[in-house]
Amino acid sequence: MNGVIADPAGEGDYGFELPALRAVPPVAPPVGFAERWEAWAAAAAEVDPDPRMTPLGRADGRSLFLVDHTVADGLRVRGWFATAVGGMPPRVGIVHGHGYGGREAPDFDRVPDDAAVFFPVARGQGSLNAGLGAPTPADGHVLHGIHSIDEYVLGRCAVDLWHAGSALRALAGPIPLYYVGESFGGGIGALALPWDDRFVGATLIVPSFGQYDLRLRLPCEGSGERVRAHVGAHPASREVLRFFDASTAATFVRVPVRVECALRDRHVPPPGQFAVANAIDEAPGAELELDVQPYGHREYRGLDAVRSRAFAATHAHIDRVLSRASAEKENP
């Protein structure tokens with residue numbers, strides 16, 4: 001690992017301007033990368049999600065339920081499921097991830113009216129799954145299992161997204177899936193997306209876990225700092241992380257993806273975010289829609305307008321993706 005890259009202004013740009021960010025390459029896959037992920041996906045497809053629902057009333061014009069369901073290692077985790085508005089037949093199912101730390105309630109800003117949605121909560125995170133299957137973030141979630149490719153928590157969280165998709169389809173029918181995830185959720189979404197053809201598209205917002213060759217040189221205020229310190233003390237962990245680089249996984253994406261990247265971000269350094277977007281831009285069969293935003297993981301003047309445009313853009317992206325998927329189905 002080369003020397004640390006400082007952030008002299010403290011703004012989270014680390015000296016990278018947009019042309020340099022657009023040139024950050026993804027990390028090449030290690031031997032056996034695709035085969036390992038394909039094997040995990042095949043195993044996950046054999047698991048009956050067995051979702052059990054508890055009605056919670058109405059939210060955003062939808063019926064809302066607390067759901068617990070089975071994941072690959074027999075663990076049962078909890079999340080929320082909501083129908084399409086007014087109970088209309090859903091056109092798509094949204095698997096909606098979250099940032100590091102989990103979520104405490106559903107958020108429908110990026111969910112179209114005609115979509116059913118499942119809000120998984122990562123193992124070990126949020127009030128629903130705190131300490132379940134992994135320690136909480138405060139207790140070292142991001143380092144859990146880092147000694148083993150098969151046990152590292154980021155891989156287990158990505159696999160759990162496939163199980164969330166299975167739970168959603170068990171409840172809403174065999175509809176196409178679209179993924180939305182921010183920060184932590186953006187990174188594990190990039191890891192999961194290439195290996196499950198039920199997903200026809202995605203929006204990844206300031207995605208984490210990209211480009212460890214650079215990420216491990218960039219001091220930050222997010223979970224990456226714990227990983228950076230750990231690898232500094234335990235260099236062999238770098239070899240495990242090669243199987244969990246979101247930029248590497250993104251080179252295998254074959255569907256349209258909207259990526260929202262920040263020029264400045266002290267929690268998820270921008271070079272890692274842009275490496276994910278750049279990988280999708282170069283991936284055969286994929287299609288990148290890039291939205292460059294001024295900051296990530298902070299409040300700033302104009303943020304509400306940026307968010308409103310981004311929410312609308314995700315809705316429009318879902319429409320285009322579904323139209324494309326429909327056309328491809330009719331004209332294979």
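Me: In which sense do strand β2 (residues 62–70) and strand β3 (residues 76–82) pair, and over how many bridges?

Reply: This is a predicted model. In it, β2 and β3 pair in the antiparallel sense, over seven bridges. Two strands count as paired if there are at least two bridges between them, so β2 and β3 qualify. One example: H69 has V77 in β3 as its bridge partner.

Me: What makes β1 and β2 a pair?

Reply: Seven bridges join β1 to β2. The cut-off is at least two, so they count as paired. The two strands run antiparallel. P55 stands opposite F65 in β2. β1 and β2 also form a hairpin, with two residues between them. In that turn, D60 has a positive phi of about 55 degrees.

Me: What is the order of the strands in the open sheet?

Reply: The nine strands run β1-β2-β3-β5-β4-β6-β7-β8-β9, with mixed pairing.

Me: Why are β1 (52–59) and β9 (287–295) called edge strands?

Reply: Each of them pairs on one side only. Neighbouring strands of this sheet are turned by 20 degrees against each other on average, direction ignored.

Me: Which strands does α4 touch as it packs on the sheet?

Reply: α4 touches β1, β2, β3, β4 (92–96), β5 (115–120), β6 (177–182) and β7 (199–205). Its direction makes about 140 degrees with that of β5. Helix α5 (residues 184–192) packs on the sheet too, touching β6 and β7. The direction of α5 makes about 140 degrees with that of β6.

Me: Why does R156 count as buried?

Reply: R156 has a relative accessible area of 15%. Buried means under 20%, so R156 is buried. R156 is found in helix α4 (residues 153–172). Not counting residues up to four places away in sequence, R156 touches W40, R123, D150 and E151.

Me: What makes the approach of D150 to R156 close enough for a polar contact?

Reply: The backbone oxygen of D150 lies 3.4 Å from a polar atom of the R156 side chain. The distance limit is within 3.5 Å, and this pair meets that limit.

Me: How do you know that A262 is buried?

Reply: A262 has 0% relative accessibility. That is under 20%, so A262 counts as buried. A262 is in strand β8 (residues 256–264). Leaving aside neighbours within four places in sequence, A262 is in contact with V206, P270, Q273, F274, Q293, Y295 and G296.

Me: How far apart are A262 and Q273 in sequence and in space?

Reply: They are eleven residues apart in sequence and 7.6 Å apart in space, C-alpha to C-alpha.

Me: Why is α10 called largely enclosed?

Reply: Eleven of its 13 residues are buried, so α10 is largely enclosed by the rest of the structure. Among the buried residues are P270, Q273 and F274.

Me: What span does helix α10 (residues 270–282) reach, and what is expected?

Reply: α10 reaches 18 Å from its first C-alpha to its last. That is close to the 18 Å expected at 1.5 Å a residue.

Note on methods:
Residues numbered from 1 in each chain as written. Predicted model: local features only at pLDDT ≥ 70, side-chain atom pairs only at ≥ 80, totals over all residues. Heavy atoms only, no water. Helix = DSSP H or I, 4+ residues; strand = E, 2+ residues; numbered from the N terminus. Expected span 1.5 Å × (residues − 1). Buried < 20%, exposed > 50% of the residue type's maximum accessible area, 1.4 Å probe, protein only. Contact = heavy atoms within 4.5 Å. Polar contact = N/O pair within 3.5 Å; in protein donor to acceptor, adjacent residues only side chain to side chain. Axes fitted to C-alpha atoms, helices over the stretch in contact; angles between N-to-C directions.
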